[in-house]
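What follows is a walk through a structure, taken one part at a time. Keep the sequence and the 3D view at hand while reading.

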Amino acid sequence: MSPPSPTTPRPVLTPRLDKMLVALYEVTRFVGRFFREVLLPPYEGREIIRQCYEVGVRSLPLISLTGFITGIVFTNQSRPSLAQFGATSWLPSLVSIALVRAIGPLVTALIAAGRVGSNIGAELSSMRVTEQIDAMEVSATKPFKFLVSTRVLATTFMIPVLTMYAISVGLLGAFLNVNSNEATSFRSFISEVFNTITFLDIFSSLAKSVVFGFTIGMVGCYQGYNSSKGTEGVGKAANAAVVTSMFLVFIEELFSLQIVSAIRSF
Amino acid sequence: MNNEPKKPAEKVIEIENLHVAFGDNEVLKGVDLSLYRGENLVVLGRSGTGKSVLIKVLVGLLKPDTGRVVVLGQDVVASDTTELDKLRLKVGFSFQNSALYDSMTVRENLEFPLVRNVRNLSRAEINRAVEEALDDVGLKQAINQVPSELSGGQRKRIGIARTLMLKPEIMLYDEPTAGLDPITCTDINNLINDVQERRGASAIIITHDLTCAKEVGDRVAMLFDGQFQREGTFDEVFATDDKRVQQFYHYNFTE
Ligand SMILES: Nc1ncnc2c1ncn2[C@@H]1O[C@H](COP(=O)(O)OP(=O)(O)OP(=O)(O)O)[C@@H](O)[C@H]1O
Ligand SMILES: [Mg+2]
């Protein structure tokens with residue numbers, strides 16, 4: 001395995017298209033490098049745990065609040081439509097499907113993109129700008145492994161955990177709302193929920209948030225690790241991390257919708 | 001016994017015809033330079049002439065456009081990442097702006113290269129190495145502080161201490177005394193000489209500080225317009241009418 005040649009590719013198409021292709025190539029190489037390095041020792045256990053803690057703690061308050069309020073608001077807003085058909089008893093199943101299949105993973109991913117993604121982008125970028133990454137490089141301490149692999153693993157693992165948490169908190173909000181309006185007991189609420197949700201719902205929701213987590217970690221690290229020099233690079237990296245990962249999360253959401261409906265129609 | 005010819009000193013760094021450009025900005029235009037074992041070589045030159053670029057090429061942080069760079073017998077340009085990492089253990093690089101790890105304490109900064117490169121060290125061994133390195137730069141009391149609590153000069157000294165942790169054969173100091181008070185400068189100069197004498201290390205010292213150059217340099221090389229145009233002992237380099245060279249001297253030494 002030899003290092004890539006320092007010469008940049010000669011312009012082939014239009015300069016703009018060329019730049020896009022080069023960027024695509026760079027991203028692919030970055031992702032490839034992650035998979036290559038993550039499998040080799042040392043496994044950075046301590047640092048991974050520290051990053052998991054960072055990711056979890058950083059987003060927990062906001063996710064608790066958002067999940068809880070979304071549960072309440074969504075339930076409350078759905079009530080009139082169901083009431084027209086005298087079907088307010090369907091509220092628990094309606095809300096749980098919405099939370100598990102769509103709202104939980106999406107809300108969690110968007111919040112994590114804002115909190116965690118921007119943080120990773122800014123942190124790595126300021127390390128790049130102040131030559132801390134170079135300093136790690138020249139002391140043979142493998143900064144890619146230490147900084148990138150650990151963060152991507154942490155988001156990939158923690159975002160699904162946070163998603164499950166957001167769904168639970170959302171369901172709690174929904175329960176409080178139906179309890180005070182329809183006097184539904186906790187037991188019947190829970191049994192409604194578990195009668196509705198299938199294994200496929202939970203599985204696809206988890207799988208989706210694994211992809212979201214990977215995306216958020218990867219985008220944040222890519223933007224930060226390759227950021228341009230100068231302090232304005234830090235702001236740019238943080239910003240680009242959020243915008244790009246949110247955009248990708250929505251695209252992935254659309255794809256997963258197609259895939260899961262294909263599986264369902266089987 | 002004594003009439004054997006003196007063995008020519010071994011070259012630990014050999015640079016031939018090195019060219020580095022950033023876009024249209026040609027920085028190094030055919031640099032030739034050698035560093036001999038056990039020698040302290042001072043590199044002088046105006047701001048922006050590419051002194052930092054030069055030593056970054058030596059450790060593979062920057063790829064040259066053309067030229068041969070051999071460090072401790074290893075061709076840097078042709079080395080892959082694994083080979084480079086092996087070489088980097090033997091070369092200490094002290095950054096111009098210190099480049100301390102902001103998220104870590106001073107202790108963790110110093111430990112980092114050690115624990116990540118040397119397996120199976122006991123806690124006591126690590127602590128001893130950290131304290132020794134801090135003692136070398138006279139900052140034992142700062143061990144539990146974080147970089148943001150340190151002054152610029154203190155950060156610089158911690159940066160040097162971190163570089164010494166792996167006991168490198170070659171040291172690259174990028175402006176080790178810039179921004180320090182005269183007393184600390186003297187300490188740093190003594191440290192550089194001490195590292196040379198005690199460890200037999202070779203070093204390249206980039207500086208604008210001619211007192212430092214005089215104190216630590218066995219040889220001085222001056223970078224102008226992308227090439228080394230003057231080279232020799234301190235006195236040899238400055239024994240010239242060349243105006244640019246004289247300006248360097250007078251700014252430092254004229255009362
Ligand atoms: N990564 C880089 N990308 C583009 N240009 C660079 C890069 N690094 C250095 N340069 C350019 O190379 C030139 C030399 O920079 P260098 O940092 O080596 O100067 P220097 O001799 O160390 O100056 P000083 O004494 O101020 O530290 C500068 O013009 C700088 O703009
Ligand atoms: Mg410099």
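In this predicted model, chain B holds an open sheet of 6 strands in the order 6-7-8-3-9-10, and the pairing is mixed. Strand 6 and strand 10 (227-232) of chain B are the edge strands; each has a single partner strand, so one side of each is left without a neighbour in the sheet. From one strand to the next the twist averages 15°.

Strand 3 (residues 40-45) and strand 9 (residues 219-224) of chain B run in the parallel sense and share 5 bridges. Within this pair, B:Gly45 has B:Leu223 of strand 9 as its bridge partner. Strand 9 of chain B also pairs with strand 10 of chain B, in the antiparallel sense and over 5 bridges. There B:Ala221 stands opposite B:Glu231 of strand 10. Strand 9 and strand 10 of chain B form a hairpin with 2 residues between the strands, and B:Asp225 in this hairpin takes a positive phi near 50°.

Which helix lies across strand 3, strand 9 and strand 10 of chain B? Helix 9 (residues 243-253) of chain B does, and its direction is at about 120° to strand 9 of chain B.

Chain B has another open sheet, made of 4 strands in the order 2-1-4-5 with antiparallel pairing. Its edges are strand 2 (25-36) and strand 5 (74-75) of chain B, each with a single partner strand, so one side of each is left without a neighbour in the sheet. Strand 1 (residues 11-22) and strand 2 of chain B are paired in the antiparallel sense over 9 bridges. In strand 2 of chain B, B:Val31 is the residue opposite B:Leu18. This sheet also has a helix against it: helix 1 (residues 51-58) of chain B lies across strand 1, strand 2 and strand 4 (66-71) of chain B, and runs at about 120° to strand 1 of chain B.

Chain A is built from helices. Its secondary structure comes to 8 helices and 0 strands, so that the pattern along the sequence reads α-α-α-α-α-α-α-α. Along the principal axes, the C-alpha atoms of chain A fill a box of roughly 70 × 40 × 35 Å.

The next topic is how the chains meet. Chain B contributes 25 residues to the contact and chain A contributes 18 residues. The size of an interface is often given as the accessible area lost when the parts come together. For chain B and chain A the buried area is about 2000 Å², with 56% of it from carbon and sulfur atoms. Three residues, B:Arg88, B:Tyr101 and B:Arg116, supply 26% of the area that chain B buries against chain A, more than any other three residues.

Sorted by class, the side of chain B that touches chain A has 13 nonpolar, 3 polar and 9 charged residues.

Side chains of opposite charge can pair when their charged atoms come close. Over all chains, the whole structure has 25 salt bridges, and 4 salt bridges cross the interface of chain B and chain A. B:Asp85 and A:Lys142 form a salt bridge, with their closest N and O atoms 3.7 Å apart. Why does this pair join two chains? A:Lys142 lies in the loop between helix 4 (132-138) and helix 5 (143-182) of chain A, while B:Asp85 lies in helix 2 of chain B, so the link runs from one chain to the other.

Conventions
Residues are numbered from 1 along each chain as its sequence is written. Chains are lettered from A and ligands numbered from 1 in the order in which they are written. This is a predicted model: local features need pLDDT of at least 70, side-chain atom pairs count only at pLDDT 80 or more; totals for chains, interfaces and linings use all residues. Side-chain values use heavy atoms; hydrogens and water are left out. Two strands pair if DSSP finds at least two bridges between them. Contact means heavy atoms within 4.5 Å. Axes are lines fitted to C-alpha atoms, for helices over the stretch in contact, and angles run from 0 to 180 degrees between N-to-C directions. Buried area is the accessible area (1.4 Å probe) that two parts lose on being put together, summed over both. A salt bridge is a side-chain nitrogen of Lys or Arg within 4 Å of a carboxyl oxygen of Asp or Glu. Ala, Val, Leu, Ile, Met, Phe, Trp, Tyr, Cys and Pro count as nonpolar, Asp, Glu, Lys and Arg as charged, and the others, Gly among them, as polar.
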